[in-house]
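Hi everyone, thanks for coming.

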Amino acid sequence: MTVHVEPHAVEPDELTCQELVELVTDYLEEVLPPAVLARFEAHLLECDDCPMYIDQLRTTICLVGRLTESDVTPESRSILLDHFRVWKQSRD
Ligand SMILES: [Zn+2]
């Protein structure tokens, strides 16, 4: 029997890409709790897509200005998730 290892196999307490996206504004604001930050950075080390996504997001933030709490609405989170999904699809 061949063991097939998914490139993005997810351990029980590892973040998924979607969870990472939901935390990314807190990450960029440097307000993640240390335990969450450790999982976040562990995901960045083993994911090919998220580090590039965060670079892209940092660039966007540079262009539009610093994210503020009032910017982090459910709508803006869903826009980020849509953006991320489209962006990932375009890379496949
Ligand atoms: Zn990822």
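I'll go from the overall layout to the core, and then to one tyrosine.

A quick heads-up: this is a predicted model, so to speak of local features we need pLDDT of at least 70, side-chain atom pairs count only at pLDDT 80 or more, and totals for chains, interfaces and linings use all residues. Numbering starts from 1 along each chain as its sequence is written.

Okay, layout. The chain has 4 helices and 0 strands, and helices here are DSSP runs of H or I with at least four residues, strands being E runs of at least two, numbered from the N terminus. Along the sequence, that reads α-α-α-α.

Of the 92 residues, 11% are buried. Buried means 20 or more other C-beta atoms within 10 Å of a residue's own, exposed means 12 or fewer, and partly exposed is in between, with C-beta atoms placed from the backbone.

Now, which residues form the largest nonpolar core? There are 8: L15, L20, V21, V24, C50, Y53, L57 and F84. By nonpolar core I mean buried Ala, Val, Leu, Ile, Met, Phe, Trp, Tyr and Cys residues joined through C-beta atoms within 7 Å.

Contact uses backbone-placed C-beta atoms too, again within 7 Å. Skipping residues up to four places away in sequence, V24 touches I54 and L57.

Last stop: Y27, also in helix 1. Y27 counts as partly exposed because it has 17 C-beta neighbours inside 10 Å. Beyond four places in sequence, Y27 contacts L32 and F40.

Terms used. Two residues are in contact if their C-beta atoms, placed from the backbone, lie within 7 Å.
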